[in-house]
Structure formats: C-alpha cells, structure tokens
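Have the structure open and follow along.

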Amino acid sequence: MNFFKQKKNKIPFGKPLINKKEIISVNKVLKSGIYAHGPTLTKFEKEFSDFTKSPFSSSVSSCTAGMHLFYFSMGIGKGDEVIVPAQTHTATAHAVELSGAKPIFVDCNLYDGNINTSLLEKKITKKTKAICVVHFLGVPAEMNVIKRIANKFKLFLIEDCALSLGATYNGKHTGLFGDAGVFSFYPAKHITTGEGGMFITKNKKIQKKIKISKSLGINKNFMERKTPGFYDALNLGFNYRMNEIQASIGIEQLKKIKFFLSKRKKNFLLLKKLLSKNKDILILDSKQKKIKSSHYCMNIVLPEFLLKKRKKIIKDLNNKKIGTSIYYPQPVPRMSYYKNKYGYNQNQFKNSEIISDRSISLPVGPHLTNKDIKYIAITTLKVIEES
C-alpha cells in the first residue's frame, strides 16, 4: 500500500487520527532537549506493557527491526531455517534473511489467511530453529496448536503482530504466546508513532539482550552513565532505537486505542453484513470463538471468474473515491528476490495465491463513519456486479 497516495481519496484506506494532544506532547519533548533515552520512552514502554499485559516491552525503530533483533539475539544465522507464512508482508521474511538464516514458507488457510497449522510439522528439519507466526489482518492464528508444535521440537516462537494490536486468543494478547512478539506503528496501523515498533517478551534474559543489541551493544545509555561519555560495548549491535518524539506520540495514541478498536470492529461487522449480499464474495474472517480480532482491514476474495477483472474493479473503486489496498500483492516466495534465490513451486502455496491474486483490501479504520461504510459496501457491490 502506498499510504501517502491514498490521502487524496475521499475515503482513504488508512488515516492516522492525530489531534492537538499529540502536538502538545511533541512540543513538550522538543522543549525538554532530551530526544533519546529519556523518560518519555520509558513511560511509553510501561503503558504498552500495561495494555498488552506483557512483563517486558522494548521500543524499536520498526517491527522489522524488532524481528531482526530477535533472530540476532537468539543466535539464529547462517545454516539455520525459520518457518514463516507464505502469505505475509515481505518484512517477515526479510528479517530472517537479514539474520543469514533461510525462510521456509508455509501456505495459509483460505478462510482467514493465517498459517496452515496442519502443514507445519512437515516443514521442520534438523536445521529449523524457529517458527514465525503472523496474525493476518489482526486475526490471531491457532496459537495453542502452534505453541505445542514449537515446544515439541524445542523451537523458538516469535509472533509478527504488525496488524494485531488489541487482538487476543483465549483472552491473552497476541505476542505473549511465544518467546516474543513485535508490533508496528506505521501510519496506517492501529496506533502510530510515525514509524516505529514495540518488542514484547515474558523472558527477562531476552529483554536484556534486546535492550543492549538495539543500542549498538552498548551497556549504558547517556542517562545511565556515572561518568559522562564512558561506556562499554558488550556485543555487536544495531541502532534500532525509537526516539522520545515518537514515544510522546505513542503515549497519546495509546489513550485512544480502545476507541480505535471498538470503531474498527463496528465498521468491519457492518461492512461484512452489507457485502454478504453477494454470495460469490469470500470475506476473510476467523471461525474461532476464542479469538478477538483487531480488525485491521477487510479482505474480500473475488470468485475465480473475476480474477482478470480485479485491476478494473480496484480502478473503478478508486475512481469513486474509495481507497483500497492489497494484503498482500504476492505470496512472498513468488516475489522476485525469493523466487530467484530459492525457486518457486506454486503447488505448495495455492491458498496464498488465491488470496494474493484475487483479494481486495477495503478500509474499516476509525476514520470512517457509518455513512462511509455504507457507501463502500453499496459501491463495491455495484462495481463487482457490473464487472
């Protein structure tokens, strides 16, 4: 999704809701003169832990950075394999590649887009070191099954929670089932800090490793040094930190998260009800009663006979001022980098291909009113019918 091009639409696909409180908060940080390693970051991390019920939270520069930090800190690298969904953002696989390990792709369920748990054990080898789970569009994956498999084979388990802030499985927030979870605060996400992310874990040792490695492996930041300018580098590390300005925005955004989630749910359910009039459309959603989705967006999957009409349908919707996207444009293993490096067998990723090639992502964000949702539904049904 090109978020910034969508802003010209009457109904944008995503729109961060920023008001005077965020501006006041940013100005306060600017006047303080402390832009990194300060109290605002500490407060944001604490409040994020309070919301997710995570023992430890560590802010990072992006969700991708957080996942890369995890693999690096766990010693996963060359010669190792990490299982990832074929239906996800490229960042999920890129984080594995950046560590030097090899991503092993698994197809998804057709009904919700999440990793197909029945295929997991078949992909595990002696080289497998971790499973990365993505909660597709904010719908939690089958974590009880996945965690049982990870424990059986003694594998690390990391959750890509880029789209699942506010989502729960059996009452527990996503990101708390495995060894770690990582969230994204990109502008179109549930809350934003402009850019940035959050790493959560229940493991104190992992938290300590992440905290040091995200700051170049340095043992003490400038606020912690007894002698100014004196520090030690304990290990190799990265500059994957978030700054105080971003954290100040995040604090204000977290205050609105319950409203954001409630509005997304209402918009999703209304749009689903209205679009259900067309029985040829598949609407991705969960079949599990024990999950609570964060309703990032709505993916409608067109019937096969409309496969070649998707671009025209999207163009018609955009011309009628409805912002759309595609989550995601191709199964990751079919993208040029991965296809050229590892080859591609389309028979392995049939469901991912169906979702990638035939879906259209519609907005349900809190920036939309009931009137907007009804317009999206009526227009979408009409455009599809006329295609």
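Rings of Phe, Tyr and Trp, the last taken by its six-membered ring, count as a pair if their centres lie within 6.5 Å; planes under 30 degrees apart make the pair stacked, over 60 edge-to-face, and the rest tilted. By this rule the chain has 20 aromatic pairs. One of them joins Phe13 and Tyr296: the ring centres are 6.4 Å apart and the planes stand at 65°, so this pair is edge-to-face. It ties together distant parts of the chain, with Phe13 in the loop between α1 (3-6) and α2, and Tyr296 in the loop between β11 (291-292) and β12 (298-301), 283 residues apart.

**How confident is the prediction?**

Please keep in mind that this is a predicted model. The average pLDDT of the chain is 95, and 96% of the residues score at least 70.

| Helix pair | Axis distance | Angle |
|---|---|---|
| α2 (residues 20-32) and α9 (residues 244-254) | within 9 Å | roughly 150° |
| α4 (residues 63-73) and α8 (residues 204-213) | within 10 Å | roughly 115° |
| α11 and α14 (residues 370-386) | 10 Å | about 140° |

Let us begin with α2 and α9, whose axes cross at roughly 150°. Angles over 145 degrees count as roughly antiparallel, so α2 is roughly antiparallel to α9. The crossing of these two helices is right-handed. On the α2 side, the contact is made by Lys21, Glu22, Ser25, Val26, Val29 and Leu30. Facing them on α9 are Glu244, Ile245, Ser248, Ile249, Glu252 and Gln253. Sorted by class, the contact of α2 with α9 holds five nonpolar, three polar and four charged residues.

How are α4 and α8 oriented to each other? Their axes cross at roughly 115°, and α4 and α8 are therefore roughly perpendicular. Their crossing is right-handed. Leu69, Phe70, Phe72 and Ser73 of α4 meet Ile206, Lys209, Ile210 and Ser213 of α8. By class, the contact of α4 with α8 has five nonpolar residues, two polar and one charged.

For α11 and α14, the packing angle is about 140°, and these helices are therefore oblique to each other. Here α11 passes α14 in a right-handed crossing. Ile313, Asp316 and Leu317 of α11 make the contact with Thr379, Thr380, Val383 and Ile384 of α14. Four nonpolar, two polar and one charged residues make up the contact of α11 with α14.

**Two backbone details**

Which residues does a cis peptide bond join? They are Tyr327 and Tyr328, with omega at about 0°. You will find Tyr328 in the loop between α11 (310-319) and α12 (336-342).

Lys154 is also worth a look: phi is near 55°, a positive value in a residue other than glycine. Lys154 sits in the loop between α7 (143-152) and β5 (156-160).

Definitions and conventions: Residues are numbered from 1 along each chain as its sequence is written. This is a predicted model: local features need pLDDT of at least 70, side-chain atom pairs count only at pLDDT 80 or more; totals for chains, interfaces and linings use all residues. Side-chain values use heavy atoms; hydrogens and water are left out. Axes are lines fitted to C-alpha atoms, for helices over the stretch in contact, and angles run from 0 to 180 degrees between N-to-C directions. Helices (H or I, at least four residues) and strands (E, at least two) are DSSP runs, numbered from the N terminus. Angles under 35 degrees count as roughly parallel, over 145 as roughly antiparallel, 65 to 115 as roughly perpendicular and the rest as oblique. A crossing is left-handed if the near helix is turned anticlockwise from the far one by less than a right angle, and right-handed if clockwise. Contact means heavy atoms within 4.5 Å. Ala, Val, Leu, Ile, Met, Phe, Trp, Tyr, Cys and Pro count as nonpolar, Asp, Glu, Lys and Arg as charged, and the others, Gly among them, as polar. pLDDT is the predictor's confidence in each residue, from 0 to 100.
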